[in-house]
Amino acid sequence: MSDNSSSPRAALPAQRRPSVGVKIGKILVGGGAPIVVQSMTNTDTEDPASTARQIAELARAGSELVRITVNTPAAAAAVPRIRDKLEMMGVDVPIIGDFHYNGHQLLEAEPACAEALAKYRINPGNVGFGKKKDSQFASIIEMALRYGKPVRIGANWGSLDQSMVATLMDENHRRAEPWDASHVAREALIRSALDSAQRAEEIGLPRDRIILSCKVSGVQELIAVYRDIAHRCDYALHLGLTEAGMGSKGITASAAALAVLLQEGIGDTIRISLTPEPGASRTGEVIVAQELLQTMGLRAFTPLVTACPGCGRTTSEFFQELARTVQTHVREQMPLWRVKYDGVENLTLAVMGCVVNGPGESKHANIGISLPGNGEAPSAPVFIDGEKAMTLRGDNIAGEFIGILDNYVATKYVSRAG
């Protein structure tokens, strides 16, 4: 064909929406920079030791920004101690202070907290009420100006500015064709964020120190809100489905909403707001955010394993165990590999369970193994960069394959030290 536009090819994400870049510590959000992953602690901020440990855990898992609750005088006083502990641990991740209701008082009373934080988050729905709202909002913006900090103005439909809602409801009643209630709620979120950003600029905060978010817990509502606000401003945007839920529901809902927006080029930083299982690590939300961006081709964080789901041909569980072993090994080694080797995050792996798709998928990966399925010969060919390199047999296939993987990384990727 002369017109190759009809040829099959991957549908790549749209060009990123232009936005003003915001510097948060050493991290750039927006301005064409790679999409940034962030997370939030669930420890009591008044406990500096446990909060610092969790921040370090999140940062080592790959969170590039970490938000903490700052809700009491004791929590605000603990922030500099948290920062000091992180420095002693060798963790240099920007810490964001999450303020509701009393942020103006806490920042004024604890200047060391105001200095230690890399960014402040304000909720326009509860920064203040009635006549106090404007002055309390202005107080936080003035503190951001004093200490040279950026601000996220984060509206949330769980804490909407009720005066804004009332104003929009009155406007809606006068419309010839009134909007439905959900449209009014979306507009209230957007107007709350945009009006607050405009007020911040009037006070003196420049556009390159402002990030906006408008979070809801419904997939379609989130898509509609962010499409709208993306067309109405060029501020950097933080994406997240608020109160996404637990387990597969939270992961599925977050991915369904954020993937649509990211595919359209909307979003400069993301958080996956998962409810963790009791006693589970908080790092799950970081891994989901990374995997969402990586599987969409937007960033690369760690080698990912392609593995077949299994069927009647793959009666053995060995390929499942090997896939888990390989993925766990990669996750455990990645903190070292990331420091030592350049480009290792782009490595692709395949662990397949039978002859149907095994050799083909293995050839597409940098390293792949096709394990024997039901009725197949007890041998496992290994493919390296598309070519069959060897065949593994016996009781130590997993150990030998991990050895092949480690050797490949050591020989194929450039050492950062060298």
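**Notebook: a first walk through the model**

I began with burial: buried residues make up 51% of the 418 residues in the protein chain. Buried here means under 20% relative accessible area, exposed means over 50%, and partly exposed is in between, with a 1.4 Å probe and protein chains only. I noted that this is a predicted model, where local features need pLDDT of at least 70 and side-chain atom pairs count only at pLDDT 80 or more, while totals for chains, interfaces and linings use all residues. Residues are numbered from 1 along each chain as its sequence is written, and side-chain values use heavy atoms, with hydrogens and water left out.

**Whole chain**

I looked up the elements next. The protein chain has 13 helices and 19 strands. These are DSSP runs numbered from the N terminus: helices are H or I with at least four residues, strands are E with at least two. The C-alpha trace spans about 80 × 55 × 40 Å along its principal axes. I then checked contacts, meaning heavy atoms within 4.5 Å. Of those between residues at least 6 apart in sequence, 67% join residues at least 24 apart.

I also read the UniProt record. Its unreviewed entry carries the annotation "domain: IspG TIM-barrel" over residues 22-289. UniProt positions are given in the numbering used here, feature names are shortened, and such annotations may be inferred rather than shown by experiment. In the model, residues 22-289 are 49% helix and 18% strand, and the end C-alpha atoms of this span lie 20 Å apart.

**Helix H1**

I turned to H1, residues 48-61. Its 14 residues should span 20 Å at 1.5 Å a residue, and its end C-alpha atoms are 20 Å apart, which agrees. The expected span is 1.5 Å times one less than the number of residues. How enclosed is H1 by the rest of the structure? It is largely enclosed, because 10 of its 14 residues are buried. Among them are Pro48, Gln54, Ile55 and Leu58. I followed what the buried residues of H1 pack against: strands E3 (36-40), E4 (65-69) and E5 (95-99), and helices H2 (73-88) and H10 (284-295).

**Helix H6**

H6 covers residues 162-173. It has 12 residues and reaches 16 Å from its first C-alpha to its last, close to the 16 Å expected at 1.5 Å a residue. Met164, Val165, Leu168 and Asn172 are buried in H6. Seen down the axis of H6, its buried residues fall within an arc of 100°, so they line one face of the helix. The arc is that of the directions from the helix axis to the C-beta atoms. Helix H7 (181-203) is part of what covers these buried residues. Turned away from the buried side, I found the exposed residues Gln162 and His173.

I moved on to E8, residues 210-215. Six of its six residues are buried, and the strand is mostly covered. Ile210, Leu212 and Cys214 point one way, and Ile211, Ser213 and Lys215 point the other way.

Which strands pair with E8? Two strands pair if DSSP finds at least two bridges between them. E7 (residues 151-156) runs parallel to E8 and is joined to it by six bridges. There, Val151 stands opposite Ile210. E9 (residues 236-239) pairs with E8 in the parallel sense over two bridges. Leu237 in E9 is the bridge partner of Leu212.

I traced the path from E8 through helix H8 (residues 219-232) to E9: the three make a right-handed β-α-β unit. Right-handed means that, with the strands pointing away from the viewer, the path from the first strand over the helix to the second runs clockwise.

**Loop residues**

Arg209 sits in the loop between H7 and E8. Is Arg209 buried or exposed? At 18% relative accessibility, Arg209 counts as buried. Leaving out residues up to four places away in sequence, Arg209 touches Val22, Ala144, Leu145, Gly148, Lys149, Pro150 and Val151.

Most residues other than glycine have a negative phi. Glu243 has a phi near 45°, a positive value. Glu243 lies in the loop between E9 and strand E10 (245-246). It is exposed, with a relative accessible area of 56%. Asp385 also has a positive phi, near 50°. Asp385 is in the loop between strands E17 (380-384) and E18 (387-392). At 37% relative accessibility, Asp385 counts as partly exposed.
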